[in-house]
Structure formats: structure tokens, C-alpha cells
Amino acid sequence: MNRLLYILMLLFILPIGSCINKNKHKQPDMLEDETVDTSTIHNNTKSLDSIISAPNELACWSSVASSLNYELVYIANALYKLGFKDNGKGLHDLSYQLDWYNQCTSIFIEYFNSLYPNENISDKRKVTRVLNGIVKLYHKEEEEGGTAGEIISYDIKIPILRYKIISLYKECLSSTKDKKVQNLLKDEMQCWITFVETYTDYLNNIICITNFGGSICTPYLLSMKHSLFIDRIVDQKLVINILRNNHQPSKTVTTSILKELEAFNNELRKARDRNYDPDFIADAFQHSKDCSYMMSLYDSTYIEAKQNSKVVKRQISKWCAARQDIKTTLKNDSIQANAYENATINYIHELTQHVKSIAPVSADTE
């Protein structure tokens, strides 16, 4: 039991931010410097009465933000609602995400125009200023709400990144006039959407096994997903430059997609198995009346991890095939094609780092 006490002390004493802040330096959440006014409660359009008490609504948990600006919380809630269509099936459907993106865009522009009716700027800048206002508003939630506030903040920052990813996808399509490439980009985007949701589920399995019973699990997973989406944004910006021939000639590739895929799949297996220790869990909860339940939960998490790892392997292979099809179509421009292949290699490498960072390999686990 001394080991259990030590683990529990670590879970509650170690600052949660230590595992999260390492992902924040990659890219700021703000899309630009411009923002809307977040300090005033506006009452000229929407009311939160219909959603403020519903537990599946972000507004229900946004105590700090709601006290500052009800309308902006309502706008943020439209972003947050993405995952609730058909029990989250909308997350796997590109067509649904495009519809959600268009609906949110209209809401953002309408909200901005209600605040600044005489502001003559592009719709893109209007959307950017509203999104920046949401980020700023929910930063207060994170600062004043503790761990719960941090979770709420991630719950809105992640949909904002998802919105940005869809925006970049549309920009990818407009960056080439080749209809075949446009169709392949659609296939690639659908493959990525399917893959990233299963991959996130798998990361959740591993985090829960590694930190079983710890309060760190939820913010850790959200920080990981946040970082995954930022990596996708970096990748898509690079792809846009490649499609526009606005990129530097690629350097010599020192690895290959197959080698990176092999490394990725190896890390999936290692992360799943190296921390699975049912004997330790049985010892930790042997004096608890919930011992049987906790053992069952632990084992079911591991079984789910094994299932998810197999699905992830299939999905990333399908995603790689879609990327290779695009590269093949670009072969008439060898610099463009090679740059796209390098981008794919680098992206797989970044994906591998996420699963490696959860439980680094040590000498005695090989």
C-alpha cells in the first residue's frame, strides 16, 4: 500500500499544467491580434435561457465566461456542439463538418455585424476577431476556474482549431485548379478525420492505463488533442504552399513513409503494453470494496486499447495511401511531389511523438 500512497500523492501534488504546457509553445491559440470586445454583456440578440442548464452544453459549465459576456458564450456553444450529432458521429463525417463550419461562419459574421454595423472589413477578418474574442474570454475561465476551468477552456479551443482546419481544407481546394487533385484532397481529409478520432480514443486509453484513477487524465488528453490539431494546421499550411508552388525545394529525404509508419506502429504497441500491470492494480485496490469494479475497468480499458490500436494502424495506412495518390498526381512537378512526400513523412513523425510522450521508453521496458 505504500506504493499506492506514493502514486496518489504524485497524482494530486504534481501540477497538472506540467504535462500540458509542453504543448502550448508550438503555436499561439490566437489566429491574429484583432479581437472583438469581450468585456460587455450584450443583450440585443440571443438569450442563453434555453441552454444554460443543459449538461451537454458548454454554457452550463461556463460560469466565469457567462458572467462576462452571455452572447459570446452562446456563440462558443455553437462551436462546442459539433460532437453531439448522432452521439458524436458528426466528428467522423466531412460533409457534416463542412455544414457545421458554414453555420458557425454565418453566426460569427452576424454577431460581429451586430456589434460593429459600420465596420467595413472582410468576412474572414470578422470571423477571426470573433474567434479571438472567444479565446480571450475562455482564457479567463482557465485562469479563474482551476482544473475545471482549464478543461472548459480546452473544450472551446479544440473546436476553434477544428474550425481552422476546415477553413484550411477549403483553402487547399482553392489552391489548385486540378479537379483530380481536389477530389483526392477531399479523400485525404476524410481519411484524416476518421483516423484522428480513433487515434485520440487510443491516446485516451493509454493515458488512462498510465495514470489510472488520476485526475490528470482528462486535461492531459485534451492537451494532447489540442497539440494534434495544431500539428494538422501546420501540415495544411505547408500543403497550401506546396500546391501554390510557393515552397522551397525539398531537401534530401533521409527516411521514408514506410519507415515512419513502422516506427509509428511500433510505438502504438509499446505504449499499450509497457504500462499494463493488472497485478499492481489488484494490489492497489485490494482493500477497497470497489476492487472488482476497478480491476474490470482497468482490463476493459486495455482490451479497448488493443482494439483501437488495430483500427488506428488500418486507418493511418489508408490515410497514407490517399497522400501517396496526391503525390503521384503531382509527379509532373518533381519538386512539388517531393515536397509533398516530405510533408507526409514529417507529419507521421509528429504523430509518433504524441504516443511516445505519454510513456517514454526506458531501458528496463525494452
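Student: Leaving aside neighbours within four places in sequence, which residues is glutamine 336 in contact with?
Tutor: Glutamine 336 is in contact with Ile242, Leu243, Asn245, His247 and Leu330, where contact means heavy atoms within 4.5 Å. This is a predicted model, in which local features need pLDDT of at least 70, side-chain atom pairs count only at pLDDT 80 or more, and totals for chains, interfaces and linings use all residues. Residues are numbered from 1 along each chain as its sequence is written, and side-chain values use heavy atoms, with hydrogens and water left out.

Student: Where is glutamine 336 found? And is it buried or exposed?
Tutor: Glutamine 336 is found in helix H13, residues 334-358. Helices here are DSSP runs of H or I with at least four residues, strands are runs of E with at least two, and both are numbered from the N terminus. Glutamine 336 has 8% relative accessibility, so it counts as buried. Buried is under 20% relative accessible area, exposed is over 50%, and partly exposed is in between, with a 1.4 Å probe and protein chains only.

Student: Asn245 was one of those contacts. What is its phi?
Tutor: Asparagine 245 has a positive phi of about 55°, although it is not a glycine. Its place is in the loop between H9 and H10, and with a relative accessible area of 46% asparagine 245 is partly exposed.

Student: And the loop between H8 and H9, what lies there?
Tutor: Serine 215 lies in that loop. Serine 215 is partly exposed, at 36% relative accessible area.

Student: At what angle do H10 and H12 pack?
Tutor: H10 (residues 257-273) and H12 (residues 291-329) pack at about 170°, with their axes 10 Å apart. Axes are lines fitted to C-alpha atoms, for helices over the stretch in contact, and angles run from 0 to 180 degrees between N-to-C directions. H10 and H12 are therefore roughly antiparallel, a label for angles over 145 degrees.

Student: Which residues meet there?
Tutor: From H10, they include Ile257, Leu261, Phe264 and Arg272, and from H12, Tyr302, Ser309, Ile316 and Gln324 are among them. By class, the contact of H10 with H12 has 9 nonpolar, 3 polar and 4 charged residues. Ala, Val, Leu, Ile, Met, Phe, Trp, Tyr, Cys and Pro count as nonpolar, Asp, Glu, Lys and Arg as charged, and the others, Gly among them, as polar.

Student: New topic. Which helix gives the largest share of the lining of the second largest pocket?
Tutor: H7 does, with 6 residues. By class, that lining has 11 nonpolar, 5 polar and 5 charged residues.

Methods:
Angles under 35 degrees count as roughly parallel, over 145 as roughly antiparallel, 65 to 115 as roughly perpendicular and the rest as oblique.
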